[in-house]
Structures are given as C-alpha cells and as structure tokens.
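Visitor: I am new to this structure. Please show it to me, and I will ask about a few of its parts.

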Amino acid sequence: MAKHASGNQPETDAVRAGHIRSPEGEHSEALFLTSSFVFSSAEEAAQRFSGDQPGNVYSRFTNPTVRSFQDRLAALEGGKACVATASGMSAILSLCLALLSQGEHIVCARGVFGSTTMLLKNYLSKLGIATTLVPLTDLQAWRDAITSKTRLLLVETPSNPLMEIADIAALSKIAHRHDALLVVDNAFCTPALQKPLELGADLVVHSATKYLDGQGRCVGGAIVGDAELVGKEVFGFLRTAGPTMSPFNAWVFSRGLETLGIRMRAHCEQAQALAEWLRQQQAVSRIYYPGLAEHPGHSLAAKQQSGFGGVVTFEVFGGREAAWQIIDQTQMISITANLGDVKTTITHPGTTTHAKLSDEERAVAGITPSLLRIAVGLESLDDIKKDLQQGLASLSRAAAC
Ligand SMILES: *Cc1c(COP(=O)(O)O)cnc(C)c1O
C-alpha cells in the first residue's frame, strides 16, 4: 500500500515516489517480472501466508513493481492507499463488488463512460445492486435519487464526451449527509489537473490506459482512497478475485507518471488553442470545451481544476454524414476511440463509444449524430488544424452550394 504523504511537491513525487531500489543499485526502476516469491524456510513461508510477517507471496496479491506504481499514484492523488487493476473497468467493478451488497443502490451520472453504464445496468443489476442515472450537473436530481439503500455516488468529471463539469465538493456533501461514498472517475483530468480527494471525494478511480500511460501502450486501472476502504476492503477483493495489474504494465505506467505534469499542461494548451480555432470555423455548429468562457461549467472547472483538459468535442452542420466526412478526410489524426495519447485521436461517439446505447439514451445523454470528439495530442497544432481543415472546408463548400 501507499506510503504516507512525502511532503514533496507533485513534480517530485511523480518522479521519485514509490521508487524501490534493489541491491544491484540500478538507477531506473527494476521490473519484477515474477509470478511468485520464494521464502528462506518453511517457517517463513507459513508466516507470510498467515500474514504474521509482511512480504510478497504471489503477484496476484502484491508485486514490488505494481506497489511502486500504486505508491506513486497515491502520492499524486493525496490518498493513503492505492490498488492497481487490470483495466479501468475492473477498477470500477472491483470497487463495487468490494463495497456493495445485494439490495444496495448506486446513483450515477448519466453520460459516464459507456461501459460503466453497461456494467451497472446489465451486470451489477443481476446481483441485486440497482443504479439510478441522473443528470450530472443537477444537484437536486442527485438528492432526489438517493434512498436509504444508496451506498455510492459515482461521477466522472469532466464527462465523456460532452465535457460537463460536476461540483465535486457539493456532491461529497450530499453523499456524506446520507452516509454514502462519493467516487470520482478522474481519468480525464488526472491528479495533475484535479484532486478529487482534496475536494471531498472518498474514492478516485482511474483508467490508467489514458493519460497516466500517455502513449497508448497498456491497459490498466487504479483505485485510490483511504487505508480502510481501499487498503483493506478493495485490496481484499482484488487479491481474491484477481483482476490485478501486470508488473509489466505497472512499470510502463510508472514511466508515464514521471511526465504526467508536463504532458497534461501541453495537452491543455493545445486543446484550448484548437477549441478557439474550431469556434471560428463555419462548418462547426457547437463546441464543448470547459476552457471556453461560454461553456456552462467554465467557472466551476476553473475553480476545481488547474487546467481544462485535453479533450475537445464539437458538432458540425449536416448530421452523421458530415461528421464522418471530417473523420474520413483526415490524413494524420488517428481514427480511434482511445484518448490520453501523445497522438491526436478523433472519434464519432454516436457510432463508437456510445453505439450500444438506445437512440433514446443517446438523445438524453446529448450524443447527437453530428458530434465529434478529439483528444488533442502533442503534434504541432498547425498540423492538427491542417488535417481538420480539409473536411471542414469541404463541408462549408457544400453548405454554400
Ligand atoms: C476508458 C475509460 C474507462 C475504462 O477504462 P479501461 O481502461 O478501458 O477499462 C473508464 N472511465 C473513463 C472516463 C474512461 O475514459
């Protein structure tokens, strides 16, 4: 589990926290690619298994490379404990199965990551754990949805793909008034831009696949929080059920954390500039980026985040056909639903990430056919604009005819 706060600045923790140096004296962190660990005697083995002696037994339980990543992320989020998981989805699943019982209830923001909605609605429901979906920014709807059985409030902010902003401090007060826990999915901001635990959240979940890796290499996730809920309860589920992070992936993610701060600053700068440019394009009918003053969540985002993030979502005139045309006329930008990469990516949420929702669910979530999502990477902004320019210009020409 994570060490207590180091007292260092985040830039230092990102590079130094959780470092385990082996007797070989290597400078870069070693990769402990081992499934099990050996004991010096039968007695030591017995003590490790009983828990009387701390130490590694088996990598489904603990592994030094995974621990190093966990300690580093806990330091950055300001949590006492972190457990790493095989994916972002298994982080959410592990948290729910560890902390909830049959008959208990979740209130979740509408428009969270598509698989999260499906996990709650199609799978946890089978175990007798019900979910009510509410509009992210409507605090009264959250209050109204809470019952005596509500144990978790789950929110993603900014939301995907519309970049709506939830008031973390206000939601934590609502949760705590009803003895429920507030869980924040911090994948879009990362601790470089937003620290939900400091704003009153009880737990943070991550898809490490996104900005924590930062270069689109590995799938992973994490849960951060206090020593009891995360260090004991979630960890207890994870070591038994087994959706643990592989040491190799943990090693890659730890390298990602080292550059997280500077990457996030660059993603924010690029996204802000691209959003301002898109706003001036004739073919663009609407734009969703919290860094723009007209975004309804702008002032809240300015208060609870230290940057507006790297994702820009917009609508074009001409529906699905026009949106697909923008995508198909790009030469450089990657057509993929992943995000949080140094490479810019573009996707059509309505037919990819949110395709499994019904038409009605999509409409309620605001995922229109003309909606496009760009996760702005670190290529030259001029080249990104040039790549979008072709599709945008052909739409403007078509509209003029
Ligand atoms: C990608 C994503 C997830 C799921 O993470 P995986 O690593 O793909 O399992 C959950 N929440 C958000 C906000 C995401 O972007």
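Visitor: How many bridges join strand E1 to E7?

Guide: This is a predicted model, where local features need pLDDT of at least 70, side-chain atom pairs count only at pLDDT 80 or more, and totals for chains, interfaces and linings use all residues. Residues are numbered from 1 along each chain as its sequence is written, and side-chain values use heavy atoms, with hydrogens and water left out. Strand E1 covers residues 81-85 and runs antiparallel to E7; strands (E, at least two residues) are DSSP runs numbered from the N terminus, and two of them pair if DSSP finds at least two bridges between them. The number of bridges joining E1 to E7 is five.

Visitor: Which residue of E7 stands opposite Ala84?

Guide: Strand E6 (residues 203-207) also pairs with E7, in the antiparallel sense over four bridges. His206 stands opposite Ala222 in E7. The residue of E7 opposite Ala84 is likewise Ala222.

Visitor: How many residues of strand E7 are buried?

Guide: Buried means under 20% relative accessible area, exposed over 50%, and partly exposed in between (1.4 Å probe, protein chains only). Gly221, Ile223 and Gly225 point one way from E7, Ala222 and Val224 the other way, and all are buried. Of the five residues in E7, the number buried is five.

Visitor: In the contact of H3 with H10, how many residues are charged?

Guide: H3 residues including Phe69 and Arg72 meet H10 residues including Trp251 and Glu258, where contact means heavy atoms within 4.5 Å. Asp, Glu, Lys and Arg count as charged, Ala, Val, Leu, Ile, Met, Phe, Trp, Tyr, Cys and Pro as nonpolar, and the others, Gly among them, as polar. Beside nine nonpolar and three polar residues, the number charged is three.
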